[in-house]
Amino acid sequence: MFRFAARVVKCLTLTTAVFICPAISAQEYPAKPVTLVVPFAPGSLSDVTARLYAQELSNKLGQPFIVHNRPGVAGIRHVKTSAPDGLTLLWHSSAATSTQAILSDPGFDIRKDFIAVTTTLEAPLAVFAAKNNGFTTIKDVIEYAKKNPGKLNFGSAGVGTVTHLNMELVMERAGIKMVHVAYKGGSPAATALMAGEIDLLIYDPAFRTTLNDKAQLLAILSAQRWPAYADVPTIEEGGGPKVDAAVWNGIFAPAGTPDAVISKLNEAIKEAAHAPAVINYMKLNGYIPSWRTREQFDNEVKAEVAHWQELVRRAHVPIR
C-alpha cells in the first residue's frame, strides 16, 4: 500500500557550527500523547475500531492515544503536514486508495506522503438485492442483466467509494451493465434498497440483521467463505465472477517519521490485535484482526491504488 519516504532532519546551520537535531529513538517514543486522526464521522466503523485500538495502545505505550474525528480529505491533509514524530497519525480505511483513484487533485498522495504502518482489521463486503425483484442468487442477477442490459440499477455510498467501484468490478467481470445511483453515504443507499428504490447494493453483510424481509443477501465478495458468514456463498459459488473485496482499516504516519518509531508502532499494534477486547469485538461484529509488516502494507497500498486507477479508466468513472 504506500511508499516510505526517508525522514528529513532539519538542521540549524551557523557560520561557525552545525547543530544536528537528534533522531527520535524507540525508547523515547511516545514522550507525549498521540493523536489518531480519523477522517470519518463518530460512530463509523473506522471511528469505533480506532477507539478500541487507541485504548490498547495507550496501555501498551504509556501515553494516551486520542481519537480526533476530522471527516474528509481535510483530516488526511492535516496529518500529511504534521510533524513526522509519530505524535499525529492517520487511521484510515480502504477508502484511502479509492479516493486516490477518483479525485483529480486530492491534495495528498497516500503512497508518497505517508508511511504505511500496518493494517488493523479486515471486514467483508456483500451483495444485496431488493426483495421485490425476486433474485436469490448472483447467477439470477447476471442472467437477467445480460438479457436486459441497463435495466437494473445499483446504489452506492457515493461515486468512487468501495461500494461503487467494487460493483463496477463485478459488472466488468460478469460482462453486464447496470445503472449507478449514488447516495450520500451507505445508510441512505441501504434505506433505498429496502424501499425498493434500487435493485442492488454492495454493503456490510451485518446489514442482513435489519432487513425485515425487505432485501436479500446474495453473496459475500470474497475468495473464500467468511468465518462469520459461513452460511453465505462467495460470489463465485453463487454463479458470479471471482471478486475478493474485503475492506481494511490501517494506520499511517507522515512521510519522514523515523524508522524506530514506525517499528515500535507496528509491534504495538501487532500486540493490540491479540488483546481480548479487540478479539471479542471483531468476533462479535464479523471482522478479523489484521496485521502486516510495513513493507507488506506499503506494497498492498501501491497495488490497490493502481488497481482502482485502472478500473476507473476502463469503466469510464468520472474523475472529480
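How are helices α1 and α8 oriented to each other? They are roughly antiparallel (an angle over 145 degrees). The model is predicted, and local features need pLDDT of at least 70, side-chain atom pairs count only at pLDDT 80 or more, while totals for chains, interfaces and linings use all residues. Residues are numbered from 1 along each chain as its sequence is written, and side-chain values use heavy atoms, with hydrogens and water left out.

**View 1. Helix α1 against helix α8.** Helices (H or I, at least four residues) and strands (E, at least two) are DSSP runs, numbered from the N terminus. The axes of α1 and α8 (residues 276-285) cross at roughly 160° and come within 9 Å. Axes here are lines fitted to C-alpha atoms, for helices over the stretch in contact, and angles run from 0 to 180 degrees between N-to-C directions. From α1, the contact (heavy atoms within 4.5 Å) takes in Leu45, Val48, Thr49, Leu52, Tyr53 and Glu56. From α8 come Ala277, Val278, Tyr281 and Met282. By class, 8 are nonpolar, 1 is polar and 1 is charged. Ala, Val, Leu, Ile, Met, Phe, Trp, Tyr, Cys and Pro count as nonpolar; Asp, Glu, Lys and Arg count as charged; the others, Gly among them, count as polar.

**View 2. Helix α1 against helix α7.** Helix α1 (residues 45-61) packs on helix α7 (residues 259-272) at about 115°, with the axes 9 Å apart. The crossing is right-handed. Tyr53, Glu56, Leu57, Lys60 and Leu61 of α1 make the contact with Lys264, Leu265, Ala268, Ile269, Glu271 and Ala272 of α7. The contact has 7 nonpolar, no polar and 4 charged residues.

**View 3. Helix α3 against helix α9.** Helix α3 (residues 95-102) and helix α9 (residues 294-314) pack at about 40°, with axes 8 Å apart. The two are therefore oblique. Oblique covers what is left after roughly parallel (under 35 degrees), roughly antiparallel (over 145) and roughly perpendicular (65 to 115). This crossing, too, is right-handed. Among the contact residues are Gln100 and Ile102 of α3 and Trp308 of α9. The classes are 6 nonpolar, 4 polar and 1 charged.

View 4. The arc is that of the directions from the helix axis to the C-beta atoms. An α-helix has 3.6 residues a turn, so residues three or four places apart point the same way.

**View 5. Helix α6 and its surroundings.** Gly186, Ala189, Ala190, Ala192 and Leu193 are the buried residues of α6 (residues 186-194). Their arc is 160°, so they line one face of the helix. They pack against β7, β8 (153-156), β10 and β11. Glycine 196 follows α6, with a positive phi near 80°.

**View 6. Lysine 214 in its loop.** Lysine 214 sits in the loop between β10 and β11. Leaving aside neighbours within four places in sequence, lysine 214 contacts Ala130, Lys131, Leu193 and Met194. Tyrosine 203 is 11 residues away in sequence and 15 Å away in space, C-alpha to C-alpha.

Terms used. Left-handed = near helix turned anticlockwise from the far one by under 90°. Buried < 20%, exposed > 50% of the residue type's maximum accessible area, 1.4 Å probe, protein only.
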